[in-house]
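Welcome! Have a look at the sequence and the 3D view below, and then we will walk through a few places together.

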Amino acid sequence: MLIRNHLNRVSSNETQAEAIDTVRYEYQALLDLSDSGIMILDRDSVIIRANALAGKLLGVSTNAPVGHTLLEVTLSQSLHKLALASREERRTLFMDIRIPEPDGKVLVVKISPIPIDSIPSDMLLIVARNVTDLRRLETIRRDFVANVSHELRTPLASIRAMAETLQQGALEDPQVASKFLDTIINESQRLARISEDLLILSQAESRAPTKEPFDMEKLLRKVVQRFQPQADRSGINLSLDCPATLQAFGSQDQIEQVIVNLIDNALKYTSEGGDVQVSGEAQEDAIKVCVRDTGIGIMSKDLPRLFERFYRVDKARSRSSGGTGLGLSIVKHIVEAHGGNVTVDSEYNHGSTFSFTLPNESDKSANREG
């Protein structure tokens, strides 16, 4: 219909063949500029037109889909059956499809009969959108809710059990009562730590940090001195290597939280006689802080999930040492909110090195003003 209307407006200097070519180029341009993958199928489900993104989403070259059936291109029986159902039922249908590795994409596909003169035809329009990130975020959200529920349920159940036991007569036994009360206090403190970490994480995700220049060497020394008694009690050598002139730009309170979490983790997973070294250095456009330890290290299978909320490499040891499972997630969000990066280099039984960088925005500002 659109082509017919365009041909009716053909000027005397333009042949119908030229007009058809013009319309074809315009339609292809519209297809290629779309943020969705688009394909048009004829009555035999052969692809007669496809934009560049459709081929990219399906993992084939731009022109490869044209001239092949939908089943040949996608190898998806489910999508093939959906197209048949859309044509037969004369209505729009949707489905999610997963592209196999290495892409591992999730696409939401919409299939609709194409109307000709307002009447549904046997030709189909397929629109595919990449929703991989959306589905991943939905999974993270579901896992987060489930993990929060689990983490809160455990200490609450313990507190309730101890309180009920005391109520049933254990309160009359001073030795038993003292032990149960200690457990109640410890579990309530754990709930408080989880609440505090959730609040810190929420603030890191929802608010941009207020940045200002601060002395990184002074901050590192302050945090190291705070942990020195804990390191001495554990028989761990805690040291600092940082130039006195190291200046940073960011929220000092938030960066202090990052350093505290990294040193705390390093000490928890390093045995007596081990070393934890904190260092800072200036790079070309950033500063870099590292926390190295000679502890138990991390298995390679755990590294990709290390910064997820509530993910623990050693669940029993982490809980016994008071960990909430949120420390590294807090580190990641704070550093990334500052425009920096967090990395980890670790080998099982050979220690770990956690590093983060902060862009030296104060230098950039000075250069712009100059």
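## Terms and overview

A residue is called buried when its relative accessible area is under 20%, exposed when that area is over 50%, and partly exposed in between, using a 1.4 Å probe and protein chains only. This is a predicted model, in which local features need pLDDT of at least 70 and side-chain atom pairs count only at pLDDT 80 or more, while totals for chains, interfaces and linings use all residues. Residues are numbered from 1 along each chain as its sequence is written, and side-chain values use heavy atoms, leaving out hydrogens and water.

The protein chain has 12 helices and 12 strands; these are DSSP runs numbered from the N terminus, with helices being H or I of at least four residues and strands E of at least two. Of the chain's 370 residues, 39% are buried. A contact means heavy atoms within 4.5 Å. Among contacts between residues at least 6 apart in sequence, 58% join residues at least 24 apart.

## Two buried loop residues

Ser36 sits in the loop between helix H2 (16–33) and S1. Is Ser36 buried or exposed? Ser36 is buried, because its relative accessible area is 6%. Leaving aside residues up to four places away in sequence, Ser36 touches Asn51, Leu53, Val127, Ala128 and Arg129.

Asn360 also belongs to a loop, the one between strand S12 (352–359) and helix H12 (361–369). With a relative accessible area of 12%, Asn360 counts as buried. Its contacts, again not counting residues up to four places away in sequence, are Asp285 and Ala286.

## Ile255 in helix H9

Helix H9 (residues 252–268) contains Ile255. The relative accessible area of Ile255 is 0%, so Ile255 is buried. Which residues does Ile255 touch, not counting residues up to four places away in sequence? They are Phe214, Met216, Leu219, Ile334, His338, Phe356 and Leu358. Ile255 and Val335 are 80 residues apart in sequence, yet their C-alpha atoms are 7.6 Å apart in space.

## The two sides of helix H5

Helix H5 covers residues 77–89, and at 1.5 Å a residue its 13 residues should span 18 Å. The expected span is 1.5 Å times one less than the number of residues. The end C-alpha atoms are 18 Å apart, which agrees.

Leu79, Leu82, Ala83, Ser86 and Arg87 are the buried residues of H5. They lie on the same side of H5, because they cover an arc of only 130 degrees around the axis; the arc is that of the directions from the helix axis to the C-beta atoms. An α-helix has 3.6 residues a turn, so residues three or four places apart point the same way. On the other side of H5, Lys81 and Glu88 are exposed. After H5 comes Arg90, with a positive phi near 60 degrees.

## An enclosed space

A cavity is a set of points, on a 1 Å grid over the protein atoms alone, where a 1.4 Å probe fits but cannot get out; its lining residues have an atom within 4 Å of a point. Grid points are joined across faces, edges and corners, and the volume is the space filled by probe spheres set on the points. The structure holds one cavity of 30 Å³ or more, and the largest cavity has a volume of about 70 Å³.

Leu79 is among the residues that line the largest cavity, as are Gly37, Met39 and Ile97. H3 gives the most to this lining, with three residues.

Conventions:
On a 1 Å grid over the protein atoms alone, a cavity is a set of points where a 1.4 Å probe fits but cannot get out, and a pocket is an open set with protein on both sides within 12 Å along at least five of seven lines; lining residues have an atom within 4 Å of a point.
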